[in-house]
Amino acid sequence: MKQAIMLEPGRIEYRDVPVPEVGPGQIEVKIRKIGVCGSDIHVWHGKHPYTSYPVVQGHEVSAVVTKLGEGVTEFKVGDLVTIQPQVVCGKCYPCTHGLYNDCEELKVMGFQTTGMASEYFVVDAVKAIKLPDGMSDEHGAMIEPLAVACHAVRRFGDIAGKNVVVIGGGPIGNLVAQTAKAKGAAKVIITEISDYRLKVAEKCGLITVNPTQTTLRDAIRSAFGSDGADVIFECIGSPKTLEEAVEVARKGSDIIVVGVVPDLCPINMGFVQDHELRLIGSAMYRVEDYREAIELVGKGLIEFDALITHRVPFSDYAGAYRLIEEQKDKAMKVMIDMEK
Ligand SMILES: [Zn+2]
Ligand SMILES: [Zn+2]
């Protein structure tokens, strides 16, 4: 089978490798679609701190089950699935307390262990999640980023009736905002400086704010009045917007840190103490987030199509990155099509 392997930043080569044996408890799948995400782009640029080369990428997928290993009864050949890309130890404190996304030995497929950028992939059946009949393979590959959003909202808790601010209108910010709305938030505003991404957010039914035109403080006042925001999701990972999130928080607000923050970030901790703010990290997802993502899509509450901006054949994996470089904010979710 063909496998796309990144030998060093910016260089992808195709290799013919044997399809691995399907062991007991495992399944073989044929990969259909792979979404490219922000972390993949960091790997392409050699800027992902926890990835070494060579690496096989691909962690946002849909795939069709092609073979069942001994003892696998929960799937049948032909099922459309997605795959949780976390490889965990099963022994550490988080793993033994249901928090395996925080595993002390966490390895993620496509970063610290082999990803799914190959025609076939063999994986433990427990990592596969069946997608509902009728779900397209593109939407199937969007369940992973939506699970990120579901987890972020879960980290806050019951969002029904709450005033929500989402900072950042990239795919994750957009999906966090859509998830909050789908789960009954009173009002959700999303801030973004790219006109293109603002338009996409509008298409998804979100209330948009361009912080180059209105300050976040004013936008919060006009959306929520003196009540302010109950929760602010930072989905950029920029020290500047994190600081701003703290500054505009109301007393008792929660700030959920969803964006990957590459730099140290000066936070006014005196303000955090005095305002009883809670700063809450959110990292990846667990199976319950996948299930919730699938449920929200099933209820017709999530708009994916507006986010899928480009499609690139598997034979031109590097082309996906060049396209992202050229299109910048206009490339939101680029889908690798394995059939081409
Ligand atoms: Zn990703
Ligand atoms: Zn562990």
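Lys333, Met335 and Asp337 point one way from strand 17, whereas Val334 and Ile336 point the other way, and all are buried (under 20% relative accessible area, with exposed over 50% and partly exposed in between, for a 1.4 Å probe and protein chains only). In a regular strand the side chains alternate between the two faces of the sheet. Strand 17 covers residues 333-337, and five of its five residues are buried; strands here are DSSP runs of E with at least two residues, helices are runs of H or I with at least four, and both are numbered from the N terminus.

This is a predicted model, in which local features need pLDDT of at least 70 and side-chain atom pairs pLDDT 80 or more, while totals for chains, interfaces and linings use all residues. Residues are numbered from 1 along each chain as its sequence is written, chains are lettered from A and ligands numbered from 1 in the order written, and side-chain values use heavy atoms, without hydrogens and water.

| Partner strand | Sense | Bridges |
|---|---|---|
| Strand 3 (residues 26-36) | antiparallel | four |
| Strand 16 (residues 308-313) | parallel | five |

Met335 is the bridge partner of Gly35, and Arg311 also stands opposite Met335. From strand 16 the chain passes through helix 10 (residues 317-327) to strand 17 in a right-handed β-α-β crossover, meaning that the path over the helix runs clockwise with the strands pointing away from the viewer.

The zinc ion (ligand 1) is coordinated by Cys37 (SG), His59 (NE2) and Glu60 (OE) at 2.0 to 2.7 Å. Donors are N, O and S atoms within 2.8 Å of the metal (3.2 Å for Na, K and Ca), and sites may look incomplete because water is not among the atoms. The donor spacing along the chain is C-x21-H-E. His59 is buried at 3% relative accessible area, and Glu60 is buried at 2%.

Key:
Pairing = 2+ DSSP bridges.
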